[in-house]
Amino acid sequence: QHVIYPPIDIALRPQSTPIGQSLSLVMVSDATKKGYLVFEQLAVFFDNHTFTVIGASEDRIKSPEARPKNLNLLPWTDQPLTEIAKADIVLVPSQWEEPFGRIAIEALRSGKITIVSNLGGLPETVNHEEKLMCQAESLDHWKIKITEIQTEYAFYSELSSEVASSTERCTLDVQLANFHQIVLRYGKPA
């Protein structure tokens, strides 16, 4: 059996090192099902860190008074990796069972500590490494995880780097080879 993943065309990069005590955290989309409300509550709790949402709605962007001062909202872009590159940590706090976590894979391959919800296909993106997962609906679990990363940054950086090597299965070359095998196996004329 073969699984064809959406191909990722990003070379593995080394883990980045944070500058100073303040961390930069990012997520993609301000949709509730993507975990925006969890992210916003984390920004309130960790007011010494910078939180950025890539792909926020125009309505939310136009209402800065309705969000924490340390929460930046950026409009949709087809190049989220430009902003992800500036972050220390990428959160994927999805509240629904996503079938595939593209942002998680791209973040890991970009050298970022990546923490995902324990729902759907997201655990697979971090190779089922429990230290890189949070209980989706538990704000307290997300708080504990960020606190752990603050105190054990080198450990989480190394762990994310190790897990990133398992994302090779999602690269373009591997996915093309998988697709080729399927065509050879099942594509014979009747």
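At what angle do the axes of helix 1 and helix 6 cross? Before I answer, a word on the basis: this is a predicted model, in which local features need pLDDT of at least 70 and side-chain atom pairs count only at pLDDT 80 or more, while totals for chains, interfaces and linings use all residues. Residues are numbered from 1 along each chain as its sequence is written, and side-chain values use heavy atoms, with hydrogens and water left out.

The axes of helix 1, residues 36-45, and helix 6, residues 139-151, come within 10 Å and cross at roughly 55°; axes here are lines fitted to C-alpha atoms, for helices over the stretch in contact, with angles from 0 to 180 degrees between N-to-C directions. Helices (H or I, at least four residues) and strands (E, at least two) are DSSP runs, numbered from the N terminus. In contact, meaning heavy atoms within 4.5 Å, Val38, Gln41, Leu42 and Phe45 of helix 1 meet Leu139, Trp142, Lys143 and Ile146 of helix 6.

Turning to the sheet, it is open, with 6 strands in the order 3-2-1-4-5-6 and parallel pairing, where two strands pair if DSSP finds at least two bridges between them. Strand 3 (71-74) and strand 6 (133-134) stand at the edges with a single partner strand each, so one side of each has no neighbour in the sheet. Strand 6 pairs with strand 5, residues 113-117, over 2 bridges, and Ser117 has Cys134 in strand 6 as its bridge partner. Helix 6 packs on this sheet, touching strand 1, strand 4, strand 5 and strand 6, and its direction makes about 165° with that of strand 5.
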